[in-house]
Amino acid sequence: MEERDGGNDNTFKDEISDEKGDDGITIENASVVRNDPVQDGTSPPKVDSPTESLHEKVQKQIIKEGYGKEPSKLSTCFLHYRAWVKSTLHKFEDTWQEQHPTELVLGKEKKQMAGLAIGVASMKSGEKALFHVGWEYGYGEEGSFSFPNVPPMADLLYEVELIGFDEVKEGKARSDMTVEERIEAADRRKKEGNALFSEEKLQEAMQQYEMAIAYMGDDFMFQLFGKYRDMALAVKNPCHLNMAQCLIKLKRYDEAIAQCTIVLSEDENNVKALFRRGKARAALGQTDSARDDLQKARKFAPDDKAVVRELKLLAEHEKEVYQKQKELYKGLFGPRPEPPEAKTSSKNFLVIFFAWFFSLFSRIFKRSGHKSD
């Protein structure tokens with residue numbers, strides 16, 4: 001399926017872009033990708049790896065290895081984390097639940113994030129780790145009684161995943177960038193993701209796509225109108241679509257559907273989003289919804305071979321299911337054969353009954369004959 005990035009080319013000639021992604025579909029450093037099944041996050045993960053002391057008040061245990069190098073001072077880091085009060089295991093923050101990565105500029109973090117920053121500085125892109133942080137490098141002697149709610153002198157636990165980072169000398173945060181700078185940074189990440197996709201490095205590619213999307217969060221998109229919004233969507237939507245393709249390859253169909261739905265909320269007739277959502281829904285057995293998506297995609301791309309092929313596969317699957325159901329229910333409503341045991345029981349009953357009846361009749365007959373004499 002040939003898919004090109006941007007523009008109005010929504011044709012699908014072959015399965016090429018399923019292999020190469022949008023943009024014809026690199027990672028300098030890596031938004032949210034999880035190789036392992038997601039834990040429920042209600043309590044800190046159990047980690048068996050050795051404990052490394054990063055600082056007198058900050059210890060680290062690696063959950064999942066990363067790749068590449070560690071971020072330098074003033075790098076803009078994108079991460080997800082959960083945080084607990086160590087003594088009570090009260091969870092007070094969870095960016096995974098909020099579905100928005102956190103941005104942290106190393107060396108410019110808030111005082112209460114000092115311990116977290118020390119931990120993040122030791123990480124590589126894609127790495128996940130558990131950090132033990134003393135209260136002196138957390139919310140301090142007074143704690144926090146607003147949001148988040150953290151008691152005084154509370155030691156903390158952080159489960160952190162470093163999505164990736166940008167090394168900008170001045171440590172410029174997203175909020176300090178111009179619209180053009182943010183779109184340019186996102187586009188660079190998207191292209192890096194495309195290169196990784198072409199190498200079949202799906203997890204790393206998704207990290208790049210999600211980081212690109214992080215540059216264009218809801219708060220940023222809400223402020224854009226006209227050509228700037230079009231420019232941002234021309235980068236953002238292909239990232240969602242390429243993430244969906246990665247997720248389909250990884251058989252994470254629910255997540256793929258969510259990515260396509262985001263695109264369709266902006267562009268309800270996007271053929272690629274309809275096609276991939278239909279494909280994911282078909283894989284989950286959601287045949288009615290899959291058919292609706294694929295038929296709508298065919299309406300806007302009637303000659304597209306990939307869409308036609310997927311509709312044909314769906315029809316064949318439905319036919320196969322129908323035949324199986326037909327065989328299954330074939331004898332349910334016809335004459336019900338009597339089980340062999342039942343037949344034997346009935347026959348035995350009749351033999352016993354007639355023997356008893358003959359015996360009774362014989363006795364009556366004898367008595368009648370005796371009286372006649």
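Start by selecting proline 148, which sits in the loop between strand S7 (144–145) and strand S8 (149–150), where strands (E, at least two residues) and helices (H or I, at least four) are DSSP runs numbered from the N terminus. The peptide bond that leads from phenylalanine 147 into proline 148 is cis, with omega near 0°. The model is predicted, so local features need pLDDT of at least 70 and side-chain atom pairs count only at pLDDT 80 or more, whereas totals for chains, interfaces and linings use all residues. Residues are numbered from 1 along each chain as its sequence is written, and side-chain values use heavy atoms, with hydrogens and water left out.

Next, go to leucine 74, in the loop between strand S2 (58–64) and S3. Its phi is near 75°, a positive value in a residue other than glycine. As background to these two stops, most residues other than glycine have a negative phi, and most peptide bonds are trans.

From there, show the rings of tyrosine 81 and tyrosine 158. The structure holds 3 aromatic pairs, a pair being rings of Phe, Tyr or Trp (its six-membered ring) with centres within 6.5 Å, counted as stacked if the planes are under 30 degrees apart, edge-to-face if over 60 and tilted for the rest. In one of them, the ring centres of tyrosine 81 and tyrosine 158 are 5.8 Å apart and the planes stand at 70°, so this pair is edge-to-face. Because tyrosine 81 belongs to strand S3 (residues 76–85) and tyrosine 158 to strand S9 (residues 156–166), the pair ties together parts that are 77 residues apart in sequence.

Now turn to the helices, and select H4 (residues 179–198) with H7 (residues 226–249), which pack at an angle of about 25° with their axes 10 Å apart. Axes here are lines fitted to C-alpha atoms, for helices over the stretch in contact, and angles run from 0 to 180 degrees between N-to-C directions. The angle makes H4 roughly parallel to H7, given that angles under 35 degrees count as roughly parallel, over 145 as roughly antiparallel, 65 to 115 as roughly perpendicular and the rest as oblique. H4 passes H7 in a left-handed crossing (the near helix is turned anticlockwise from the far one by less than a right angle; clockwise would be right-handed). Residues in contact (heavy atoms within 4.5 Å) include Ile183, Asp187 and Phe197 of H4 and Met231, Val235 and Lys249 of H7.

Continue to helix H8 (residues 253–266), whose axis comes within 9 Å of that of H9 and crosses it at roughly 155°. H8 and H9 are therefore roughly antiparallel to each other, and their crossing is left-handed. Among the residues that meet are Tyr253, Ile257 and Leu264 in H8 and Leu274, Arg277 and Ala280 in H9.

Finally, select H9 (residues 271–283) together with H10 (residues 287–300), whose axes come within 8 Å and cross at roughly 155°. H9 and H10 are therefore roughly antiparallel to each other, and H9 passes H10 in a left-handed crossing. Their meeting residues include Leu274, Phe275 and Arg281 in H9 and Asp293, Leu294 and Phe300 in H10. Over residues 271–304 the chain is 79% helix and 0% strand, with the end C-alpha atoms 10 Å apart.
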